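Have the sequence and the model open side by side.

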Amino acid sequence: MTTRTLPPMLSLWRADGQSGLLRAAVLVVLGSALMALSAKVQVPFYPVPMTLQSGVVLLIGGAYGWRLGGLTMLAYIAEGLAGLPVFAGLAAGPAYLAGPTAGYLVGFVASAALMGLAVERGWTRSLVGMAAAIIVASVVPFVTGVAWLAVLIGPAAAIAGGLVPFIPAAALKGALAGLLLAKFDGLAQRRG
């Protein structure tokens, strides 16, 4: 049986004397705001812009845990569906989720949840475990994103335009997220 580890942000901000629901709501709002900011830091690219989002998804999932990390990504998508300008570019609303980035956005939910689950199960306590968790969680948005792009532009074009050019940047963002998560975890352990 695997023991559960409290995610770093929940260790750092204990809900002693406070509502856990209030803490969760504040963290979801902060996380979705960070996602919106990371969407605006972008390099124009076809068929989808290159943003900081995939690294922030890993960071939020790992820092918040699987439930709160996944919920934060759902809140982020809901904000965009409601018309708030949180996605890359200026577009928002339901039509945005019919465009080329829709599959990646949907994959962010599972990616954050997987990264959070890895942290909670203690798999990220070693370098090998952290690397494996980051690789698996990083692949998910590519699977869903490229699958959706394949519907729009065909499989070969989707792989060539929606996967291959993004691999080096995904590796760099994953490494940075891993370093930040290790720091958060270190802070949480010292506090605990």
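Is L81 buried, partly exposed or exposed? L81 is partly exposed, because its relative accessible area is 37% and buried would require under 20%. Keep in mind that this is a predicted model. L81 sits in helix α4. Setting aside residues up to four places away in sequence, L81 touches F87, G93, P94 and L97. L81 and K40 lie 41 residues apart in sequence. Their C-alpha atoms are 17 Å apart in space.

Now take another residue of α4. I77 also belongs to this helix. I77 counts as buried, because its relative accessibility is 10% and the cut-off is under 20%. What does I77 touch beyond its neighbours within four places in sequence? Its contacts there are F87, L97, L105, V106 and V109. A102 is 25 residues from I77 along the chain. The C-alpha atoms of I77 and A102 are separated by 9.7 Å.

Next, follow α4 to its partner α2. Helix α2 covers residues 20-40, and helix α4 covers residues 66-81. Their axes come within 9 Å. They cross at roughly 60 degrees. That angle makes α2 oblique to α4. The crossing of α2 past α4 is right-handed. Which residues make this contact? From α2 come A24, L27, V28, G31, S32, M35, A36 and A39. From α4 come L68, L71, T72, M73, A75, Y76 and E79. Sorted by class, the contact of α2 with α4 has eleven nonpolar, three polar and one charged residues.

Look at α2 by itself. This helix has 21 residues. From first C-alpha to last, α2 reaches 30 Å, close to the 30 Å expected at 1.5 Å a residue. Which residues of α2 are buried? They are R23, A24, L27, V28, G31, S32, M35, A36, S38 and A39. Among them, A24, L27, V28, G31, S32, M35, A36 and A39 also take part in the contact with α4.

S38 deserves a separate look. S38 is found in α2. S38 is buried, because its relative accessible area is 3%, again set against a cut-off of under 20%. Not counting residues up to four places away in sequence, S38 touches T51, L52, Q53 and V56. Q53 and V56 lead on to the next helix, as both are on the α3 side of its contact with α2.

Helix α3 covers residues 53-64. α2 and α3 pack with their axes 9 Å apart, at an angle of about 165 degrees. The two helices are therefore roughly antiparallel to each other, since angles over 145 degrees count that way. The crossing of α2 and α3 is right-handed. On the α2 side, the contact involves L27, V28, L30, G31, L34, M35, S38 and A39. On the α3 side, Q53, V56, V57, I60 and Y64 meet them. By class, the contact of α2 with α3 has ten nonpolar, three polar and no charged residues.

How much of α3 is buried? The helix is mostly covered, with eleven of its twelve residues buried. Those residues are Q53, G55, V56, V57, L58, L59, I60, G61, G62, A63 and Y64. α3 reaches 16 Å from its first C-alpha to its last, close to the 16 Å expected at 1.5 Å a residue. Just after α3 comes G65, with a positive phi of about 95 degrees.

Finish further along the chain. Helix α6 covers residues 127-153, and helix α7 covers residues 155-162. Their axes are 7 Å apart, and the helices pack at an angle of about 135 degrees. That makes α6 oblique to α7. The crossing of α6 and α7 is right-handed. In α6, F142, V146, L149, A150 and I153 make the contact. In α7, the contact residues are P155, A157, A158, I159 and G162. By class, the contact of α6 with α7 has nine nonpolar, one polar and no charged residues.

Key: Residues are numbered from 1 along each chain as its sequence is written. This is a predicted model: local features need pLDDT of at least 70, side-chain atom pairs count only at pLDDT 80 or more; totals for chains, interfaces and linings use all residues. Side-chain values use heavy atoms; hydrogens and water are left out. Axes are lines fitted to C-alpha atoms, for helices over the stretch in contact, and angles run from 0 to 180 degrees between N-to-C directions. Helices (H or I, at least four residues) and strands (E, at least two) are DSSP runs, numbered from the N terminus. Angles under 35 degrees count as roughly parallel, over 145 as roughly antiparallel, 65 to 115 as roughly perpendicular and the rest as oblique. A crossing is left-handed if the near helix is turned anticlockwise from the far one by less than a right angle, and right-handed if clockwise. Contact means heavy atoms within 4.5 Å. Ala, Val, Leu, Ile, Met, Phe, Trp, Tyr, Cys and Pro count as nonpolar, Asp, Glu, Lys and Arg as charged, and the others, Gly among them, as polar. The expected span of a helix is 1.5 Å times one less than its number of residues. Buried means under 20% relative accessible area, exposed over 50%, partly exposed in between (1.4 Å probe, protein chains only).
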